[in-house]
Amino acid sequence: MGENATNPNLIDTREAAGSCSHCRYLLPRLAECAPSYFDVGYVTCKHCSEKSDLWQAALSKAIALSPSGWALASLGAAQTSIVLPMESGKGYEVQLTDYGAPADAKILSTNYTGQTKNLTAIEWHGNSPQRRVQGTALRLLAVPFGEGPLPCEGRVAISVVWIRGNDSPAWPYLATAFEAAAARDYAPSLVFAQSAVEISMMPLIESRFRRHAPERRVRRFTNYSRALHVILPYLCGEAGLAKMPDIVRDALDRLRDKRNEIIHRGIHAAAISPQAAMEGLCAAAFGFEYMRHVEPSLSKGEPVSASGQ
Ligand SMILES: [Zn+2]
């Protein structure tokens with residue numbers, strides 16, 4: 001089964017880190033506008049030219065849309081909407097790469113809504129269904145609603161939240177955090193979010209220290225809290241780079257505390273509200289983007305001797 005989905009009535013992909021706080025025009029995607037936010041403290045709206053606080057824009061939208069998967073769209077994910085004509089009883093394969101998603105995209109959540117009240121789509125699967133969508137193709141079956149002659153024809157709105165791939169070693173952790181949040185598994189989501197930040201920060205800082213100190217000494221000295229609050233601000237200050245915004249650093253502190261509660265005290269997953277999860281994920285996404293922004297300057301002079309002594 002499976003016809004290729006052709007002739008969609010509507011295709012729209014949005015990758016917006018929230019909306020302008022003045023005119024609600026969508027901001028560019030997080031990876032695009034975060035550098036400007038880190039450097040000057042705001043993002044300039046392309047529509048009304050006013051300044052927006054990117055952190056507030058991204059977080060407020062994520063909280064407003066939580067717990068749906070759409071909440072993740074302002075934290076670095078993308079949302080693609082497609083409206084397809086369908087006929088009941090027929091199968092359709094929707095390949096996201098045909099609609100602008102890269103081949104390494106990971107699907108986080110899906111929504112199918114019948115627009116003509118006579119049919120909708122369900123995900124089609126083999127005899128051992130995978131609970132998460134693998135790859136970038138959706139295999140759908142159009143099923144009729146209610147009574148009436150069959151087959152019937154109608155339109156189905158398909159909404160997919162997905163995230164781009166990235167070469168950074170920390171990225172798989174952040175993607176897994178997003179995936180878990182989309183499934184409303186907030187405890188593992190925050191554990192992976194914290195790991196993503198640590199993996200994007202600690203190796204860089206340790207490699208800086210190893211330029212002048214033995215590896216075993218560096219490892220004993222360096223910890224995440226020192227890195228976040230002292231070492232990173234120092235290195236960035238010395239290099240003439242903008243420091244991480246206080247609001248992001250404070251949120252990263254809360255994320256670390258939450259992660260420690262989860263893994264050391266066995267905090268019940270239900271104790272984490274969708275809003276707290278969104279703040280943690282927002283902190284991780286901004287922390288990740290900040291490290292990506294400063295990494296080229298801080299790693300100048302690399303590679304260093306890896307002998308470690
Ligand atoms: Zn605006």
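A nonpolar core is a set of buried Ala, Val, Leu, Ile, Met, Phe, Trp, Tyr and Cys residues joined through C-beta atoms within 7 Å. In this predicted model, the largest such core has 86 residues. Those that touch the most other members are Trp-162, Leu-174, Ala-177, Phe-178, Leu-281, Cys-282 and Ala-284. Helix H8 gives the largest share of this core, 12 residues. In soluble globular proteins, nonpolar side chains tend to be buried together.

Apart from neighbours within four places in sequence, Leu-281 is in contact with Leu-75, Ala-177, Phe-178, Ala-181, Ser-189 and Ala-193.

Helix H8 itself has 25 residues, which at 1.5 Å a residue should span 36 Å; the end C-alpha atoms are 35 Å apart, in agreement. H8 has a kink of about 25 degrees at Arg-292, shortly before the proline Pro-296.

Helix H8 (274-298) is also among the elements that cover the buried residues of helix H2, as are helix H1 (30-40), strand S3 (43-44), strand S4 (51-52) and helix H7 (246-265). The residues of H2 that are buried are Leu-54, Trp-55, Ala-57, Ala-58, Leu-59, Lys-61 and Ala-62. H2 covers residues 54-65, and because these 12 residues should span 16 Å at 1.5 Å a residue, the 17 Å between its end C-alpha atoms agrees.

The last stop is a strand. In a regular strand the side chains alternate between the two faces of the sheet. Strand S6 (residues 91-95) has Tyr-92 and Val-94 on its covered face, with Gly-91, Glu-93 and Gln-95 on the uncovered one. S6 runs antiparallel to strand S9 (residues 137-144), and 5 bridges join the two. Opposite Gln-95 stands Ala-137 in S9.

Definitions and conventions:
Residues are numbered from 1 along each chain as its sequence is written. This is a predicted model: local features need pLDDT of at least 70, side-chain atom pairs count only at pLDDT 80 or more; totals for chains, interfaces and linings use all residues. Helices (H or I, at least four residues) and strands (E, at least two) are DSSP runs, numbered from the N terminus. The expected span of a helix is 1.5 Å times one less than its number of residues. A residue is buried if 20 or more other C-beta atoms lie within 10 Å of its own, exposed if 12 or fewer, and partly exposed in between; C-beta atoms are placed from the backbone. Two residues are in contact if their C-beta atoms, placed from the backbone, lie within 7 Å. The bend at a residue is the angle between axes fitted to the seven residues ending there and the seven starting there. Two strands pair if DSSP finds at least two bridges between them.
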